[in-house]
Amino acid sequence: MIAERPSWIHPGFRLVEGEACFGWSELVSLPVPAGGIVPADRTSLTVAALAAAQRADAGLLLRRHAGPGEDWVPPPGFTVTLESSGTTGTPKRITHDFNVLRDRIRAPYDAGARWLLTYEPAAFAGLQVILTAAAAGALLVAAAPGGGIAGLVRTARQHAVTHVSGTPSFWRAFLTAGGDLPSLRSITLGGEAADQALLDRLRRDFPAARIRHIYASTEAGALFAVTDGQAGFPAAWLVDGREGTALRIREGVLEVRGPRAMVAASTEVGTGDGWLNTGDLVEVTGGRVLFAGRLDGLVNVGGVKVSPERVEQRLLAVPGVADAAVMPVASPITGFLLTATVVPDADVDEAALRDALRGACAGLVPAARPRAIRFADSLPLSVAGKKSRKGPS
């Protein structure tokens with residue numbers, strides 16, 4: 001007898017994973033490891049494990065990293081424990097009440113929607129995409145692992161996807177992949193700051209798409225969405241809040257207090273009064289709160305703390321730049337220096353572009369100016385779809 005389908009999975013939901021296609025009857029028949037610890041590298045197994053944990057009213061740990069996990073003790077009831085990516089440090093385990101985890105999902109039935117999963121299924125963002133597609137009765141397409149951006153682009157074309165959620169780094173690579181891109185109805189950005197040049201290009205290339213920039217984290221949950229096509233978010237939200245979330249800036253860092261936060265974490269990430277320190281450096285400019293990098297990503301260049309992401313934003317705003325990455329390198333004199341790797345648009349005069357890049361950085365303090373700029377065809381991304389930010393601080 002087939003187990004009852006959970007209410008959060010619409011009967012029309014289908015999952016394409018590689019060459020296999022799953023509906024509820026196929027998902028519920030998958031063998032789920034006992035003990036509530038699941039290596040969630042397969043989207044199908046992730047969905048099956050969530051349904052099994054709900055039936056058992058038990059905790060579930062979705063593993064993203066190697067290790068046995070015997071030290072995990074689940075809280076009572078149906079909870080989901082996620083592991084952070086570890087992009088900027090040691091991965092953390094974050095536990096959410098499942099109902100709170102999906103509290104912000106508003107997905108009316110849409111059988112024509114074809115979602116592309118660009119995130120790991122056990123990542124917070126990946127799980128949000130899975131739950132959204134499941135609730136809408138949509139088709140969810142999970143590309144074969146190891147294909148990188150090129151594989152995701154091929155999968156998007158093959159299945160004529162209509163809805164895509166990805167990091168800004170993913171979107172820059174997606175736009176420069178070449179060939180015909182699918183006609184999208186919905187574009188979501190998350191995981192990194194969305195710069196104005198990228199938002200403008202997405203609007204130009206996909207005029208019919210709804211474009212949203214989601215602000216969320218594994219610890220804080222889904223907080224709010226920006227839909228006005230502008231980078232950052234309105235400064236008025238610092239006073240009025242947004243979608244039930246209170247926002248404040250303390251010592252240049254954004255802090256949040258929202259209704260969808262974790263119920264437990266393996267390390268202390270809060271401030272003790274309900275506020276969570278996001279680690280995101282922000283500044284208020286022209287009525288907008290703009291992101292200026294990560295606190296843990298600051299680099300000491302000759303005694304001056306500089307943000308590689310802030311320098312990166314300068315480079316990304318230069319016409320002719322498809323993508324850019326600014327990274328620290330060791331220096332025997334200053335401790336560290338910044339260098340930049342730039343992906344130019346096709347048919348750009350590289351000499352002129354190099355001059356424009358140096359001009360864009362001329363207004364920065366000397367420590368923040370990249371000492372070397374090299375051109376490349378693409379930038380490597382982590383499995384989370386982000387530029388790696390591990391490095392000295």
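Over the ring of which residue does the charged end of Arg248 sit? The ring is that of Trp275, with the charged end of Arg248 4.1 Å from its centre. The notes below take this contact as a starting point and then go through other parts of the model, which is a predicted one.

1. Arg248 and its strand. Besides its place over the ring of Trp275, Arg248 stands opposite Glu255 in S15. The strands concerned are S14 (246-250) and S15 (residues 253-257), which pair in the antiparallel sense over 5 bridges.

2. The sheet around S14. S14 and S15 belong to an open sheet of 5 strands, in the order S13-S18-S17-S15-S14, and the pairing is antiparallel. At the edges stand S13 (233-234) and S14; each has a single partner strand, so one side of each has no neighbour in the sheet.

3. Arg354 has its charged end over the ring of Phe375, and here the distance to the ring centre is 4.6 Å.

4. Aromatic pairs. The structure contains 11 aromatic pairs. In one of them, Phe170 with Phe174, the ring centres are 5.3 Å apart and the planes meet at 35°, so this pair is classed as tilted. The cut-offs behind that word are under 30 degrees for stacked and over 60 for edge-to-face, with the rest tilted. Phe170 and Phe174 are 4 residues apart in helix H6 (residues 168-175), which means that about one helical turn separates them. Both residues are buried.

5. Phe224 and Phe233. The centres of these two rings also lie 5.3 Å apart, but the planes are at 70°, so the pair is edge-to-face. Phe224 is buried at a relative accessible area of 1%, and Phe233 is buried at 0%. Both are members of one aromatic cluster, together with Tyr215, Trp237 and Phe291.

6. The second largest pocket. Its volume is about 1,000 Å³. The lining consists of 48 residues, and those nearest the centre of the pocket are Thr118, Pro145, Gly146, Gly148 and Val383. Two or more lining residues come from each of strand S3 (37-39), helix H5 (148-158), H6 and strand S21 (321-331). Which element gives the largest share of the lining? H5 does, with 5 residues. By type, the lining of this pocket holds 25 nonpolar, 14 polar and 9 charged residues.

7. S21 and its partner. S21, one of the elements that contribute to the pocket lining, forms a hairpin with S22, with 3 residues between the two strands. S22 covers residues 335-344, and the antiparallel pairing of S21 with S22 runs over 10 bridges. Within this pairing, Asp323 stands opposite Val343 in S22.

8. Cavities. There are 3 cavities of 30 Å³ or more. The second largest cavity holds about 40 Å³ of space. It is lined by Leu199, Ile211, Arg212, His213, Val226, Thr227, Asp228, Gly229 and Gln230. Strand S11 (residues 210-217) supplies the largest share of that lining, 3 residues. Sorted by type, the lining residues of this cavity are 3 nonpolar, 4 polar and 2 charged.

9. Strand S6. Is this strand largely enclosed by the rest of the structure or left open? Of the 5 residues of S6 (residues 93-97), 4 are buried, so the strand is largely enclosed by the rest of the structure. S6 pairs with strand S5 (residues 79-83) in the antiparallel sense, over 5 bridges. One of the bridges joins Thr81 to its partner Thr95 in S6.

Key: Residues are numbered from 1 along each chain as its sequence is written. This is a predicted model: local features need pLDDT of at least 70, side-chain atom pairs count only at pLDDT 80 or more; totals for chains, interfaces and linings use all residues. Side-chain values use heavy atoms; hydrogens and water are left out. Rings of Phe, Tyr and Trp (its six-membered ring) pair if their centres lie within 6.5 Å; planes under 30 degrees apart count as stacked, over 60 as edge-to-face and the rest as tilted. Buried means under 20% relative accessible area, exposed over 50%, partly exposed in between (1.4 Å probe, protein chains only). A charge sits over a ring if NZ of Lys or CZ of Arg is within 6 Å of the ring centre and within 35 degrees of the ring normal. On a 1 Å grid over the protein atoms alone, a cavity is a set of points where a 1.4 Å probe fits but cannot get out, and a pocket is an open set with protein on both sides within 12 Å along at least five of seven lines; lining residues have an atom within 4 Å of a point. Grid points are joined across faces, edges and corners, and a volume is the space filled by probe spheres set on the points. Ala, Val, Leu, Ile, Met, Phe, Trp, Tyr, Cys and Pro count as nonpolar, Asp, Glu, Lys and Arg as charged, and the others, Gly among them, as polar. Two strands pair if DSSP finds at least two bridges between them.
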